[in-house]
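This report describes selected local features of one protein model. The sequence and structure are shown first, followed by the description.

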Amino acid sequence: MPSDMNSNASGELYSALRGTFRGDLLRPSDPEFGEARKIWNAMVARRPGLIARCADVTDVQNAVRIAAEMGVLTAVRCGGHSLAGFSSCEGGLVIDLSRLRTATVDESARRARVAGGSLLGTVDAATQKAGLVFPAGVVSHTGASGLILGGGTGWLTRKFGMSCDNVEAFTMVAADGSLVHANARENADLFWALRGGGGNFGIVTEFELKLYPLTSLVLATAYYFDDDIVPMLRFWREFMPGAPNDLKWNLSLRPAPRAANLPAALHGKPALGSSMSWFGDNDEGRLLIERVLAIAKPVGVTDETLSFLKLQTMADADFPHGRRYYTKSGYFARLDDSTIDFMVASLPSIPAPNTQIELAYLGGAAGRVGPAETAFGDRSAPFIMNLLADWSDPAEDEPNVSWVRRQFSAMRPAMKPGVYVNFMSDDEQERVPEAYHERWERLVRVKTHYDPKNFFRLNQNIRPIPAAAKS
Ligand SMILES: Cc1cc2nc3c(=O)[nH]c(=O)nc-3n(C[C@H](O)[C@H](O)[C@H](O)COP(=O)(O)OP(=O)(O)OC[C@H]3O[C@@H](n4cnc5c(N)ncnc54)[C@H](O)[C@@H]3O)c2cc1C
């Protein structure tokens, strides 16, 4: 739908909603609108016709029902971190869940009920009061809903599984405005689809989450330079498949940052950043970390026991709102020498100081979940690579975007088909079936049942079967 049609429709929508809506209805002329329309990635900034900031679940139901009846293009926003910019739109409606940020913890049952607008920080703050954790992402200002619905990986993935593996139940507003419950016994197909299928089926207003006891951990970080980079990457590649699940070890190829613990002469030099977190027995973890740090010549080493809350917020400032970001991601079944050499050779061509190649190894508890158990894509190719460009000046869009595209195309033949939907950009719609592989047909059936007209389409979209094709 063209944006001018959406603008007219948003005016009508405003009139239809304002009598009953208990939250805030923000139009472009409202002073708050400029701030309220901002999403995390400035590359995909958009100007909706109306923002409906819901005060409760009834507001969500009314906004969905009326917008669907009127056919208004609608985006759903929790934390606004969609790399692809799906949580806003041109001229249409944004259903903003930011007033629905609560997490209630049942300590003895080790369960939490989390409202659909919550950030990861909302969840961590509530669960840590009871000494419990929910396995999720690594930046506390990320929305819990978008992350969980797409899958959700983070520091605890190898120990406790992906976020979506740890959801017991969902409450969802479907495209007709009705409230639907999904768990292992009730609407089991929807329960399966919501664990990895993203925002395709409706708006989740509440998650029931499984929690685990944990309050502190060991974290060691270091940088490697010059001739140490390739051997460390090879060591990591060989080590991780047999590593204990208590270890999460992430790597990043990037220009060395202007960090206080790095000598100024090294700032900007091609580097391999390493972050090892250990969630098991302290002494065992320290031995393992010492063993790794004894290899090669790590620089700027930090090694500390810290609280889970500190871990979960320490990357917040590295990924601020309002910068420009572009990403492409993929899986490798194994990292062969030529792929490692290619990654390292591409380091000097990185166009911006924060642009980087992130590497993580899945496996562990996440790898034990069967391919048919949830909608989440492939778990059999445990090496995840994320090419993340991160810059500020719009004049640098072209070199950053084309660097990511070039590196991705060159490495694509070595990758296993598949992609994590939450690490995709807005120009990769053709990769969505690839993300779900053999789960695709079942997802299409669930989508057709709950959202036959594709009202929820601003996402890595699973298109429903058209009505004509069904008869
Ligand atoms: C700084 C940063 C760090 C990240 N770190 C990680 C990480 O460690 N691990 C990881 O797995 N991912 C990570 N991601 C990716 C992240 O999972 C996705 O960007 C995710 O979409 C963010 O969720 P959100 O709620 O903030 O998104 P939003 O932009 O608010 O929403 C994105 C989409 O999610 C859907 N959605 C949102 N809320 C709801 C809801 N209540 N019901 C139904 N659908 C909904 C909609 O389709 C919407 O278009 C990170 C992203 C950023 C920007």
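## Helices and a buried strand residue

Helix α3 (residues 57–70) comprises 14 residues and spans 20 Å from its first C-alpha to its last, close to the 20 Å expected at 1.5 Å a residue; the expected span is 1.5 Å times one less than the number of residues. The model is predicted: local features need pLDDT of at least 70, side-chain atom pairs count only at pLDDT 80 or more, and totals for chains, interfaces and linings use all residues. Residues are numbered from 1 along each chain as its sequence is written, and side-chain values use heavy atoms, with hydrogens and water left out.

Helices (H or I, at least four residues) and strands (E, at least two) are DSSP runs, numbered from the N terminus. Just after α3, Gly71 adopts a positive phi of about 70°.

| Helix pair | Residues | Angle | Axis separation |
|---|---|---|---|
| α11 and α13 | 337–345 and 397–411 | about 165° | 11 Å |

The two helices, α11 and α13, are therefore roughly antiparallel (angles over 145 degrees, taken between N-to-C directions of lines fitted to C-alpha atoms over the stretch in contact, from 0 to 180 degrees). Thr339, Phe342 and Met343 of α11 make the contact with Gln407, Ala410 and Met411 of α13 (heavy atoms within 4.5 Å).

Ala271 lies in strand β14 (residues 270–278) and is buried, with a relative accessible area of 0% (buried means under 20%, with a 1.4 Å probe and protein chains only). Among the residues that Ala271 touches are Tyr223, Phe225, Leu253 and Leu347, not counting residues up to four places away in sequence.

Conventions
Parallel < 35°, antiparallel > 145°, perpendicular 65-115°, else oblique. Buried < 20%, exposed > 50% of the residue type's maximum accessible area, 1.4 Å probe, protein only.
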